[in-house]
There are 2 protein chains.
Amino acid sequence: MSTDDLNLVPITDPHDERVADYVRLRDVSLRRSLEVEQGLFIAEGEKVIRRALAARFRPRSFLLAPRWIDSLADQLAAHPEVPVYVVSEALAEEVTGFHVHRGALASMVRHTRWQQADLMGMQRLVVCEDIVDHANVGAILRSAAGMGWDGCLLAPRAADPLYRRAIKVSMGAVFSLPWARVESWAQVVPQLHEAGFLTLALALDERSRPLPDVAASLADDQRVAILLGTEGEGLSRRWIEQADQVVRIPMGHGIDSLNVAAASAVACYALGPSGRPSAEG
Amino acid sequence: MSTDDLNLVPITDPHDERVADYVRLRDVSLRRSLEVEQGLFIAEGEKVIRRALAARFRPRSFLLAPRWIDSLADQLAAHPEVPVYVVSEALAEEVTGFHVHRGALASMVRHTRWQQADLMGMQRLVVCEDIVDHANVGAILRSAAGMGWDGCLLAPRAADPLYRRAIKVSMGAVFSLPWARVESWAQVVPQLHEAGFLTLALALDERSRPLPDVAASLADDQRVAILLGTEGEGLSRRWIEQADQVVRIPMGHGIDSLNVAAASAVACYALGPSGRPSAEG
């Protein structure tokens, strides 16, 4: 493919307004306000950019070092109206504030695809309370999607799944797995009950039952929502008290807990379709 | 407790030779050679330091901001021969090259506690091939310990469990769970067979069986070793071919794999004691 067909725009000044979408990508508080205000998010790396485009998110612009043009040329050509800012790796670092290993960035139009109501008819949901670490939210979405869960609800304080690092850790699962913010932290657990979900709080508690016992007692068609809290504090008392059951992963060696990403992977496996013996098995 | 009993040594010069153990903690290649040469490792944060001391690793020195002295005073007093370098937070940052959130560091004597032979009599082992990411190795050790596995073998190229970040992510599980380097990458799988282990390679492969089927077919007293490869390349052909069985975690939503830390947590759960329904269940 000739690069003549592409909308290539060389950039040489790090303060050029045209690359303002990409400034200081590691400055979490700046990015949070900038991305929401401007209605954008950043996809990093060829694979993640391809997944965002495949999921029909619309690009605002691309920012690439010259050697990445060829590998993305088909996608760039498919969006001839979208500018492709071509920068040296040094300038990319100056703009973004870090060394962009994977050489390619895209600024995409942020939009909300699902509301809580869209997820309330599903079979299996992961519900994140105040998980503020972007890598954890990304890992949870990846595991949930991988294990065949249907969607994820996020409490108001949980980290943004469309933040660059969450997207990257999720390997793009944030684009395919439906997720939504809950409307009310205090009401979501009762709302799940009304919708027919069995709610399972993952926590250490005097009434907690071992995960394998809970898994063995689930009917195949039982609608399930797993409630996950932050690593430090765990779930709030409110959610634990509202939940139908409290579940713990049995632990050994004096270890009291797993990382929340590992715990969610285990719970999604044990309580979902991935953990069932197959017909042949 | 009066601080008079403690061996407090104020440090005001970042180039002071006495704090040479703590320089540039984020410079992986520098730290690798320095720590092995000097026979030390770094424990970060009060909780991790306490766990290292509880596991009877010997401190060479402590490096603390003044506000952390009280919280560790019992441990500092228990080691009156060990210098406690007291530094401002600014100086700590100048020495270590980053902002030490948790305010306390200890330099500990590195020593090898177990050899491969010590682990070959155990019941359940995790075997890491070339997992070079310190956070992944730490997470795998934490999950393995938490799920009641007995030990971990590491191929020659796998990351160092006593590297600061691996220790931190493991929450100190690297101190309690036995681990050792394998003597021979090419021979370890046959050696595991000789020792009576069923070896299970976690990989996508034409002969891979779903994890729940494999879990259901295991006898209670079966000795098991799970083989884990890097996230990018996965296990080597050699280890996959040498393994008794190849196992995959069933996946949905077009996701092809989990992060290796999540995958190892799921495998340790499904194939170990944590995943068995309890007597009451």
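Axes are lines fitted to C-alpha atoms, for helices over the stretch in contact. All views show a predicted model.

**View 1. Helix 2 of chain A packs with helix 3 of chain A.** Helix 2 spans residues 46–54 and helix 3 spans residues 69–78. Their axes lie 11 Å apart, at an angle of about 10°. Helix 2 of chain A is therefore roughly parallel to helix 3 of chain A, since angles under 35 degrees count as such. From helix 2, Glu46(A), Ile49(A), Arg50(A) and Leu53(A) take part. They meet Ser71(A), Leu72(A), Asp74(A) and Gln75(A) of helix 3. By class, this contact holds three nonpolar, two polar and three charged residues.

**View 2. Phe175(A) in the largest nonpolar core.** The core has 132 residues. Phe175(A) and Phe175(B) touch the most other members. Leaving out residues up to four places away in sequence, Phe175(A) touches Phe41(A), Val48(A), Arg51(A), Ala52(A), Ala55(A), Phe57(A), Arg113(A), Trp114(A), Leu162(A) and Ile167(A).

**View 3. His134(A) in helix 6 of chain A.** Helix 6 covers residues 134–146. The relative accessible area of His134(A) is 13%, so the residue is buried; the cut-off is under 20%. Beyond its neighbours within four places in sequence, His134(A) contacts Val28(A), Ala159(A), Asp160(A), Tyr163(A), Arg165(A) and Ala166(A).

**View 4. The interface between chain A and chain B.** Here 37 residues of chain A are in contact with 37 residues of chain B. The buried area is about 2,800 Å². Carbon and sulfur atoms give 59% of that area. Arg142(A), His253(A) and Tyr269(A) supply 23% of the area that chain A buries against chain B, more than any other three residues.

Key: Residues are numbered from 1 along each chain as its sequence is written. Chains are lettered from A and ligands numbered from 1 in the order in which they are written. This is a predicted model: local features need pLDDT of at least 70, side-chain atom pairs count only at pLDDT 80 or more; totals for chains, interfaces and linings use all residues. Side-chain values use heavy atoms; hydrogens and water are left out. Axes are lines fitted to C-alpha atoms, for helices over the stretch in contact, and angles run from 0 to 180 degrees between N-to-C directions. Helices (H or I, at least four residues) and strands (E, at least two) are DSSP runs, numbered from the N terminus. Angles under 35 degrees count as roughly parallel, over 145 as roughly antiparallel, 65 to 115 as roughly perpendicular and the rest as oblique. Contact means heavy atoms within 4.5 Å. Ala, Val, Leu, Ile, Met, Phe, Trp, Tyr, Cys and Pro count as nonpolar, Asp, Glu, Lys and Arg as charged, and the others, Gly among them, as polar. A nonpolar core is a set of buried Ala, Val, Leu, Ile, Met, Phe, Trp, Tyr and Cys residues joined through side-chain atoms within 4.5 Å. Buried means under 20% relative accessible area, exposed over 50%, partly exposed in between (1.4 Å probe, protein chains only). Buried area is the accessible area (1.4 Å probe) that two parts lose on being put together, summed over both.
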